Amino acid sequence: MTTAASEGIVSREQLQMMLHVILHSTDNNERRNVEKSVVQLLTTPSTLTLLMVMLRDVQGSSPGVRQLAAVLLRKKVLSLWRTIPSESRGDFKGALLEQLGCEPVKAVRLALAHLVTRVAKADAMDEDGGWPELNYAIRAAVIDPRAEMRELAMVLAYSVAEVMSEADTHCLPVVEAVLQGMLDSEDAVQRSAVKAVGTLFVFMRGQTKVWEQLLQQLVPQCLALLTKCGTEETKTNLCVDVLDLLEQLVEDLSVKKHGALLRSVALEVLSVMTNGAIQPRVRQSCAEVLASLVNQKPKFVSTTVLEPLVSACVQVMSEDNAISLPEVAHTEGMENCDDSQSDENDAADMLHVDPPCLFAGRLLSTIATKVAAKSFTGALLPLISPVAQSPQAVGPKERKASILALACLAEGNPGYLRRRVRYVLEFTQQLLSDSEPVPREAAAFALIYFCLHLQPEILTHHEQLFPMLVPLLRDEVDAVRRRAACALDTLCENLAGDVEPHVSVLLPAVLEAIGCSSLQTQSELCGVIASLATTQCASFKQHAGHCLELLKPPLTMTSPETILLRARATETAGVVAAAMGRETFMPHLSFFMEQVAENLRTRQPQLREESFGFLSNICELLRGDFIPYLDDTINCALQTIAEDRAHYENKHLLAGGAMPHFKMDDECNTMKAVIGGDEVGDDDNDDDKCCGSDGSDAEEIHGRVRTADLEEKSSAVYFVGVCAEVLMSSLGTQRIDACWAALADLDVHFHSNIRCSTLLALAKLTQAVHGSECVIKDTALDTLAPAARERLNTLVNETLLPCIRGEGEEDKEVVAAACDAFELLFKFFGPQLFLADTSEFLQIVTRLLQQRMPYQREDEDDDASDSSDGEATGAAGSDGDQLLLGEDHDGVLMDAVCEMVEAFAKAYGPGFRMLAEVILPLLLPYASLDRPSEDVVMATGSIASILESLGPEAAPFVDHAVTLALELISSTDESTARANCAYMIRVLVESCSGRFNTEAAATPLLQALWLVVGGCEEIPAAVDNAISAICSMVRCLSPGVVPLATVVPSILGGLPMRVDRSENANAIRTLVHILDEQREFVVTQCWVEMAQCIAKVLASPTVEEKQKHLLVNEGIKKMLQSHGQKWRETCPQFLSAELLSSLERYGCC
């Protein structure tokens, strides 16, 4: 047989026996030999004839052999097609269609259909009119009484769509057949038709007339199917397929050409979503289609369907008792699945039907973040306000929906609600004390959003927030306790040191709630402990040991339902360890390291993710003492980074005709992928590839990966970055190289979170290559070692710059991460980062600030250039271009850009002046009064920081900066912007004091700063910045310029700083200056006020000890030498015992 095969001579019976051996032989050697023989035979046209005869012999050949014959024919027909005589090709095609029409076995039928697709492609290469009989066969099959044949017609139309779309004269009948198939009585036929029409729609895009004709029939037909079938459970999958098709249409349709059609689609889908009789999965898919419309065409949504869309979301959110919005959505059971579960269970998780509140809330959240903030606020607020004014006038579900909608408003237009925090808190407080548990739970949940998005204003109300939330930890309903814990977690994390007075009440309530709560609520309570630990306040540290002991039992639990609690306890243990300090934690180290090692031996992504987080904290805590654990932990992280846990599935309609059970040994280099219809043949099979086929035509690969797996990988990447940042060169060259190699490919990972983490980790690895020695930040000479220079240049030129230029990267979050990486590198390497030339980087920064990068455009197809919509602000840029600012603040990218620019300026210091001449004018439009408050805050902060970096070189920019600061302080109601303006004034006074050393120049500044100090609605940070600016004026300007008699007593009453502790250093320098330079003024004009101020500063835990000793040694002790007696007489009369004790502690009384 082998000899005959080598000569290309074999009988039909021999070939049939060979295929039978390939399919059924258990002898690997025998199978390999036969495989090689078949490969040799496939090079001759006569073998194709034999395979075709065998394929049609239903009685004489087994289904498996006939299926394999079809697979082999499909593989070789393209390369041998032109060797077959023209008349024989016609016979071949006719026989194929004839057999396809009568084939009884489905697997063989699909393999035949796949072969037909390949023949159609081969035939399309010839100039003989194509294969019109195929189109007629499809039309005929559509009216066949057999459902399987009608389904096959749809499958064929789907598979040969690309070929047919290239033949204008023959595609329209197939399109009509597919549209008819959508109306079939059989679900399988309808679903295949929907998939076919979606594919035809893509490939026929260039045939405008036919495409438009298809469109006008298709959309009404889809909408009619939804209305008719949406209530039937058996038609759920069909309706979901139809909605997937509509989502594709939403992306493809032009607003200008198809606005009316888009509007009808939106309103009809919206009607289905709000209909409670429709199947839940269908309603959820409707919300997904609408979310896609909002994401891709927000301007269209804003002008045509915004109000009904927002109203529908709030209505659906009030249907049930569920409480969730997408940022913290939780699907019960998904986190607890392990790798032993089947793919079917995994798929069931992926198709989990969300409650109405979640899918409607997800849609409302999308609207909040994509649609213009003013428009969204105008549409939503009228739905919330009546409920906020009279909560008891509506039911508990409506109250719940209203407070959740307000949370979405906080996300979509935080600037609006930040100025109305009292209104927000009043409504929240009413619902927190509601008699029904659902509104109480919803209000606690909404506070998470308020604390995240309404900073810093809401944090100034912490005295009100804790009494609202802490009692809820004792609520009789576990869900209410859980939401309260989440809100407290967020609040404590952002309050930092201001949480100190509340720990004595909060921590006992948390520990008490742990003992009576569900596992999920215990997990959230662990989060509160972690947030308290991050503040590292003294009142928590004294309880840290007890908290750590409390975390040990969950780590030893092994049952599946405890996985989330174990993970959260692991995370919390690392944070508490950092708060305790190295020496205090060391006795507990071995226990926790053993448990973490056990976590990493599991396949539970949540446990592994938090274990890497724990190790990151421990590495920062132990520093060099972490090195003994490096090899095991880094290797584990690298394994996680390299592992691909995605599940891939071929969803092509013809995939069922392949033979996935059939595998061949790769060593044979033969037919190694007959398995899925891929490569068959040996190294001489290049002719297929030349014909445009390097594998199966029947491939539509869908990948699925669990979010938990991605978060574990991201945590592993972060851990590598922490090790590099903390240990620097101690990480070791081999480990650095291994980590770099593992991360180098992740910057093109499909998930943006992984790409973001990777860019930052690579920046930290670059620092580690240099080591812990200070970089010599010369602007002309290269001071880096060759290895560090090579890594730095590679990262910047091959990864970061292409990313920011938009070369293959369209996700703004990843670009923002690249900006963060640049910020990190500027801070570490300074001007060594761009030693040769900064012009290219300056050009990139210029285009970023002009919002002219490809990923910054907000185009909605071909109407983006229409400037009449009024949704872009134009301002002249330094290069003559125009700044195209979107209507809303771009919080994803522009904040990161500005922080990168600030680091850029700081790296070059006064040498940045020429660059500042380009950059500062680009920032000014963002500070305009007609811009969103977030833009104004961002721009004023960046301008102030750049001016500070310039030092005396800021002189050319003083006039513009002062004008801007004074205008904003007098006009804007954004307190954070006023705080930045006060800081800007301080920077200018310190850097260019000569410009303000006259009463005429100083008086407007003082007046503006007093507006801030005396404002009853100002945030404490603004008052702190204003007082600090006045301190700088007192210290830097001549005594006659600043009216000390009125100014000094007022600033003494504002010290120490209320929240901005960094400004205490400037204040103390000023106190020392006054005590030294203006001592007689102090003795005669503000003696008591000075004594009270000094005592408060020395008693304050917010003032660093270094600053206190500076005040004592440089200011107080010198003053006491001349006025000690008066001081000792004054202090007991005007100071409390506590303040006197502080003076005594520092030897000042």
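Start at the second largest pocket: its lining counts 13 nonpolar, 12 polar and 5 charged residues. Here Ala, Val, Leu, Ile, Met, Phe, Trp, Tyr, Cys and Pro are nonpolar, Asp, Glu, Lys and Arg are charged, and the others, Gly among them, are polar. A pocket is an open set of points on a 1 Å grid over the protein atoms alone, where a 1.4 Å probe fits, with protein on both sides within 12 Å along at least five of seven lines; lining residues have an atom within 4 Å of a point.

Before you click on, remember that this is a predicted model: local features need pLDDT of at least 70, side-chain atom pairs count only at pLDDT 80 or more, and totals for chains, interfaces and linings use all residues. Numbering runs from 1 along each chain as its sequence is written, and side-chain values use heavy atoms, with hydrogens and water left out.

Now select Gly497, Asp498, Arg1058, Val1059 and Arg1061: of the 30 lining residues, these lie nearest the pocket's centre. Then colour α27 (478–495), α47 (975–991) and α49 (1020–1036), the elements that each give two or more residues to this lining. Helices are DSSP runs of H or I, at least four residues, numbered from the N terminus.

Next stop, helix α7, residues 106–124. Is it enclosed or open? Largely enclosed by the rest of the structure, because 15 of its 19 residues are buried (under 20% relative accessible area, 1.4 Å probe, protein chains only).

Finally, zoom out: buried residues make up 56% of the 1149 in the protein chain.

Technical notes: The expected span of a helix is 1.5 Å times one less than its number of residues. Buried means under 20% relative accessible area, exposed over 50%, partly exposed in between (1.4 Å probe, protein chains only).
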